[in-house]
Amino acid sequence: MATALPDSALDQLFRTARTHSSWSLEPVGDEDLMAIYDLAKMGPTSANGQPLRVVFIRSPEAKEKLKTAIFPGNVDKTMSAPVTAIFGYDLEFHELFPETFPVYDMRANFVGKPEMVAEHAVRNGSLQAAYFMIAARALGFDVGGMSGFNREKIDELFFAGTAIKSNFLCNIGHGDGKALFPRLPRLAFDRTCRIL
Ligand SMILES: Cc1cc2nc3c(=O)[nH]c(=O)nc-3n(C[C@H](O)[C@H](O)[C@H](O)COP(=O)(O)O)c2cc1C
């Protein structure tokens with residue numbers, strides 16, 4: 001039976017983890033991104049659909065391209081981050097069901113139903129992006145999510161000719177703690193949850 005993680009792990013994942021926007025110079029390598037993904041990919045999705053698609057922006061050229069599509073308040077933190085992930089979701093994810101859910105013809109349930117495809121793609125793509133952020137923290141990295149960008153432009157620049165749509169961006173690196181906002185209040189259990 002699983003046991004609770006030690007407090008130090010819970011702190012690193014949640015309690016003391018912060019959204020960072022100022023970064024140390026320590027790079028994030030291909031093997032780091034692969035290690036994070038290898039944890040995140042194990043998180044559950046509906047019918048194992050896995051609609052998440054990610055583009056990692058690391059080179060100066062790619063960063064300059066990205067810069068043209070992000071809101072001014074997000075520029076400095078993004079340009080100085082070792083890596084920025086563009087989390088997207090694939091509106092053709094159901095075409096992979098024969099591989100990802102071979103036990104049943106799940107693809108047939110989705111073909112010709114674009115609204116259902118989109119609902120599942122957004123839901124599960126967002127879940128997978130969240131798993132990725134928590135996996136990054138688990139491996140000792142810091143992250144900073146961003147929705148302040150022009151989605152159409154990002155799609156045009158990085159997903160042209162595909163069925164992939166951008167969802168949100170996430171800087172990844174080692175935060176230096178220099179530009180932290182004061183911690184904002186979280187809603188208490190009884191403001192958010194009901195037990196029936
Ligand atoms: C999906 C997502 C989008 C966000 N978009 C932005 C953004 O565009 N600009 C920004 O400065 N912060 C953005 N944030 C950061 C949040 O404001 C921050 O995570 C939240 O206030 C909690 O901060 P904390 O983790 O330090 O407690 C975003 C966070 C997430 C998860």
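**View 1. Helix 2 crosses helix 7 in a right-handed manner.** A crossing is called right-handed if the near helix is turned clockwise from the far one by less than a right angle, and left-handed if anticlockwise. Please keep in mind that this is a predicted model, in which local features need pLDDT of at least 70 and side-chain atom pairs count only at pLDDT 80 or more, while totals for chains, interfaces and linings use all residues. Residues are numbered from 1 along each chain as its sequence is written, and side-chain values use heavy atoms, with hydrogens and water left out. The axes of helix 2 (residues 30–40) and helix 7 (residues 114–138) come within 8 Å and cross at roughly 125°. That angle makes helix 2 oblique to helix 7 (under 35 degrees counts as roughly parallel, over 145 as roughly antiparallel, 65 to 115 as roughly perpendicular, and the rest as oblique). Helix 2 brings Leu 33, Ile 36, Tyr 37, Leu 39 and Ala 40 to the contact, and helix 7 brings Tyr 131, Phe 132, Ala 135 and Ala 136; contact means heavy atoms within 4.5 Å. These residues divide into nine nonpolar, no polar and no charged. Here Ala, Val, Leu, Ile, Met, Phe, Trp, Tyr, Cys and Pro count as nonpolar, Asp, Glu, Lys and Arg as charged, and the others, Gly among them, as polar.

A word on the geometry: axes are lines fitted to C-alpha atoms, for helices over the stretch in contact, and angles run from 0 to 180 degrees between N-to-C directions. Helices (H or I, at least four residues) and strands (E, at least two) are DSSP runs, numbered from the N terminus.

**View 2. Ile 36 sits in the largest nonpolar core.** Of the 18 residues in this core, Ile 36, Phe 87, Cys 170 and Ile 172 touch the most other members. A nonpolar core is a set of buried Ala, Val, Leu, Ile, Met, Phe, Trp, Tyr and Cys residues joined through side-chain atoms within 4.5 Å. Two or more residues each come from helix 2, strand 2 (83–90), helix 7 and strand 4 (164–173), with helix 7 giving the largest share, five residues. Not counting residues up to four places away in sequence, Ile 36 touches Phe 132, Ala 135, Ala 136, Leu 139, Phe 141 and Ile 172. Another core, of 14 residues, lies apart from this one and has Ile 57, Ile 154, Phe 159 and Ile 164 among them.

**View 3. Leu 139 lies in the loop between helix 7 and strand 3 (142–146).** Leu 139 is partly exposed, with a relative accessible area of 39% (buried means under 20%, exposed over 50%, partly exposed in between, with a 1.4 Å probe and protein chains only). Leaving out residues up to four places away in sequence, Leu 139 touches Ala 35, Ile 36 and Leu 39.

**View 4. His 120 is found in helix 7.** This histidine, His 120, is buried, at a relative accessible area of 18%. Beyond residues up to four places away in sequence, His 120 touches Ser 46, Pro 51, Phe 93, Phe 110 and Gly 125.

**View 5. Helix 1 (residues 7–15) also meets helix 7.** Their axes come within 9 Å and cross at roughly 135°, and the crossing is right-handed. Gln 12, Leu 13 and Phe 14 of helix 1 make the contact with Ile 134, Arg 137 and Ala 138 of helix 7. By class, the residues of this contact are four nonpolar, one polar and one charged.
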